[in-house]
Every structure is written in structure tokens, then in C-alpha cells.
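Let's learn to read a protein model together, one feature at a time. Have the picture open while you follow the dialogue.

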Amino acid sequence: MDNTLCERRMSEAELLSSFEDAVNYDHIFVCYQAQINHSTGRMVGAEALMRWKHPLYGLQYPSDFIPVLEKNNLIYKADLHVFDMVCRFQKRCMEEGIAIVPISVNMSRYDIYNHNYVEEIEAIRKKYDVPVKYLRIEITESSAIGGMELVSSVLSKLHEYGYLVEMDDFGSGYSSLNILKDLDVDIIKLDMKFMSGNMGGRGGTILSSIVQMAKWLNTPVIAEGVETMEIADYLKSIGCNYIQGYLYSRPTPPEDFISVIKEINHEPLTPAMELYNDMDTGKFWNPESMETLIFSNFAGPACVFVYSTTDRTIEILRMNKKYVKEVGNGRTEKEIIKANPWDDHDEKSRKDYEDALLRAIESNDEEVVENWREICTKICGTDKICIRSYIRVIGKGEDKYLFYAMVQNITKEKKMLAERDEKELVLKNAFEHANVYAWEVNLSTWDMRPCFRCMRDLQLPPVIHNYPEPVIENGLFPPDYADMYRDWMKQLASGVEKLEAIIPLTVGRVPFHVRYTTEFDETGKPLKAYGSATLVVDDDKEK
């Protein structure tokens, strides 16, 4: 039905004189406008819109009759009439087996300030026995201005009865953020007049920020007044999938709306982001909460970011000062958040990190990944750092996952290991050329760790417990030298600094020059003994 068809605009006096008949004979009636998920094409709900059709003068503009009803304290009775009609409609759907979608009903500021509106609508709902999950209450942003405490108490009462509350026309007022901060609303409805004429620029940035902010409040967003596919696609690109407007459906009378319900599949309205493990969203983002205190001051270097499995993007949302110090490499927090995190990764590094993210999504547990990143700053130039990340999924919304990551800059550790490996390679080659075998013995545990040549040539394991008994038993030390060698171990454990002798080793009794030196702690207690065996070369044979 086109609500622009008005045969004659009624005067205020005519509207007032016709009001009782309008309520009693349903001249004031309801049209329904569907709310659609633009990503799936499914219906998530609808809004009940008040309309007035006079028997003689036809449809009247809501902008004409609603101010008159408000001015004369009649809007309350009209609102209750609308709520009654919505409950009747839902009851009919239940009885006729028609799929039911939640319907939003407006609550004006006059309902809040002058009457017991909540108790009245609850009585109507019970009369028709409609489950509360199929009814939502809309308040306008302007309703809260000047009466925050009263509105807050009304919202609490609605929540006690189980109603979801929508904030209508969000963005049209002057105190949007304050109202959103103080009122516990369940759904935000964006006023698309905010975007009239220009979808980009500052307006687009602000709109995108509102959508992102609503995600972290765990609050779905519905954009109303969407008339073109261009605007709907833009809203989808910034994360707002739920739309209401002429693009999908004009306000339609009950019979026509039933046809719409039967033609379109339905799905529930879901929060944009749901935190896992019973995390309290409000506390998580509240700067004064204990969770934030721990994150900022007591946790190690950490950040919170979003990963999209669809477009494979990462967006860092929050980080503590330790994170900036650990991985910033001279960058400020602002510079880190502004940059594309993938710019620091080469192809292999990115693949390793994304594989870890997918493992964390699959396992719902902590995953660890190490990767090198190339950081480029004006001050420090370009530098490569290696980061060890402990990552865990803490929230999910559609194709996006919220991650908590604790990080360690292990660049020095990696470089030290690389240097050690290089030195070990040099030492390994030297041992090969000099025919030297080496090992160390822990003098408190009697664990022996052999060098690579011992393991390769003598088939020794990486650790030998209860040394030296196992090597005596396998014949590495001949029986006639066993007691002497046991005595050496006792001397080393008692603090002897050096021992050496030529000992025949292996079953072939090959002579080796065996040497030991002892390492002591700061109190003089022997810690380890370092042994080596060098093949004794017969000079005459060499010649």
C-alpha cells in the first residue's frame, strides 16, 4: 500500500473528532515492513507501522496525525491499539500455521513519561498468549534525552518480561554515543538519513565506526530507509547486513505481509560478534573494568584482532603498551593500528600465521606460531624480527573471528640459536678432522650427553643415565679399566679439576687420550665434567 495516497489532509479538529472511531473500527491500522539479511535474502523480522485511513478522506500522512495525537495525549491509546493489532496478527499466524517472525512495535516518549505502558502491553500479550520472543519494542533516540534514568528503568522492566529493545533512529540525535553508553538496548537501528547524498567521506567513516562499535557491544545493527542496491551493498561491505526499506519491501497491510512471510525464508537476528567462554562484553571493553586492568598492566604483550575467513583480512582493535614496545620496533600504537598487518609478512610468514589462525578456529584452543616479520619505519628503517604468538579465539560473528594474542619478540633468541648452530657446525667439522669425541657429565644426576660423533660412530643415545655403568656394560670401556674409570667419576664429583690418561676403548682396544675438566658453581661445588677422547696416532705408522 502506498501511504502517499491521501485524498484530503484532515485538520487537527477533524483528526481529534475522528480518533475514537479510528481506534474502535480499525481506521488506525498496522502495515508491516520486512527486515532482511542482505547477505542471505532471508527475513529476520519486521516493523509495525501505524497508518490511518479515514472512510471519507483516505490515508492520512503519519507526519500529520502523529504530532496531533502526541500533542493531545492520545498517542498512548493509539500505540496500545497498534500493539493489540500486532498481537492479534501473531496469534492468527500461530493458529493458521503461518511462520512467525518477530515484529517491532514503537513506544513513544509519551508512553514512557505519562503511563504504565510496559504493564499495559504485557497484559495485552498475555491476553493473546503470544510468546514474548515474537515481539520487540522500539524506542527512539530522542525519547531518552532529558529522562535517561526513567527510560533506563523502563528498559529494565521490559527486559524482565523478556522483550528485546531496539533503539530507533540512531544517529539522528545529538547525544547518540552517550545514550548508547547508558541504555541497555539489544538492537540498534541506523537512521540512513545520516548518509543522504554521500556514502563515502567522513559520513562513511563514521557509519563504519558505528557498525564496528556495535559489534563489540554484541549488538545487531539494522539500517532502515535503504532504497537502493548500491547503499545495501555498501552497508554489507562495512559489516551491516540487516536492512529495512523500499529495496526489499514497502510497508504492506497484514494480508499482503502474510504473502511476503510465505515467500521469503526466515532466519534469527544474531549479534554481530559473540564472545566465547561467558566473557562479559561490557567488561571486556570497559576501560575501568578488572579485565581491562589486567590486559593493560599485568598481562604480557598482547593484542585483540579480528580475522575474516572470507576476505582473509586482519584488523587490530586493541593492544597494550607492552605489545607496542615488544613488536612495534619504533612504531606508535596509532601507526600499528593504521597499518595493514599483512604488510609485515612475506608469503611464507603469512601462510604460517593464517594456518595457525585456522587451527585455533578448529581446535577452539591456544595455538602457537613463530614467524619472521619485516618492519619498516621512518626512524628505524627496515628490520626483521621474529615473533612467537600464542593465539586463541575469543569471539565469533558470521565469517569473522575475534582473537586474543600474546606475543614474544624472540629475534635475539633466534639469532643466538643461529650463531650456536653455526659454531656447532664449525666445531663438528673440527672434531671430524681431529678425530675427537666429546661429551659432558652432570655430576649430580650422572646423566651423560654425547656429541654427534659419539652417537653416530658408537650408537650412543642422546642421554645416558647412571653414567658410566651403561658404557662399561656395552664394552666401550674394557673390564680391566672399569674400576679405574669409576674412580675417576668419584674424583671429579669430589672436586678434582683435571684428569687424563691413555685408555684402550671399544672391543678393539683402540688407544685414546681421554681428558676431563670440571666446571664449578660460584660456591666451588662441581657441576659438570667435560670429557674428550682423541685417537692416539702411532707416529711410525704415519710415516
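A: Let's begin with a loop: N364 sits between α16 (347-363) and β13 (367-377). Helices here are DSSP runs of H or I with at least four residues, strands are runs of E with at least two, and both are numbered from the N terminus. Keep in mind that this is a predicted model, in which local features need pLDDT of at least 70, side-chain atom pairs count only at pLDDT 80 or more, and totals for chains, interfaces and linings use all residues. Residues are numbered from 1 along each chain as its sequence is written, and side-chain values use heavy atoms, with hydrogens and water left out.

Q: What is the phi of N364?
A: Here is the general idea: most residues other than glycine have a negative phi, and most peptide bonds are trans. N364 is not a glycine, yet its phi is positive, about 55 degrees. N73 is also not a glycine and has a positive phi of about 60 degrees; N73 belongs to the loop between α2 (62-71) and α3 (75-96).

Q: Which peptide bond is cis?
A: Look at the bond from Y467 to P468, which is cis, with omega near 10 degrees. P468 is in the loop between α18 (452-458) and α19 (469-473).

Q: How should I read "buried" and "exposed"?
A: Buried means under 20% relative accessible area, exposed means over 50%, and partly exposed lies in between (1.4 Å probe, protein chains only). N364 has 42% relative accessibility, so N364 counts as partly exposed. Of the 543 residues in the protein chain, 44% count as buried.

Q: How many aromatic pairs does the structure hold?
A: Rings of Phe, Tyr and Trp (its six-membered ring) pair if their centres lie within 6.5 Å; planes under 30 degrees apart count as stacked, over 60 as edge-to-face and the rest as tilted. The structure holds 14 such pairs. In one of them, the rings of Y437 and F512 have centres 5.9 Å apart and planes at 75 degrees, so this pair is edge-to-face. Y437 is in strand β16 and F512 in strand β19 (residues 510-520), 75 residues apart, so the pair links distant parts of the chain. Both Y437 and F512 are buried.

Q: Where do W488 and Y516 lie?
A: W488 is in helix α20 (residues 482-494) and Y516 in strand β19, so their pair ties together parts that are 28 residues apart in sequence. Their ring centres are 6.1 Å apart and the planes are at 85 degrees, so this pair is edge-to-face too. W488 is buried at 6% relative accessible area, and Y516 is buried at 1%. Ring pairs also link W488 and Y516 into a cluster with W439, Y467, F477 and Y485.

Q: Which residue lies over the face of Y437?
A: A charge sits over a ring if NZ of Lys or CZ of Arg is within 6 Å of the ring centre and within 35 degrees of the ring normal. R453 lies over the face of Y437, at 4.3 Å from the ring centre. R8 lies over the face of Y57, at 3.9 Å.

Q: How far apart are T445 and H465 in sequence and in space?
A: They are 20 residues apart in sequence and 8.0 Å apart in space, C-alpha to C-alpha. T445 is in the loop between β16 (436-442) and β17 (448-450).
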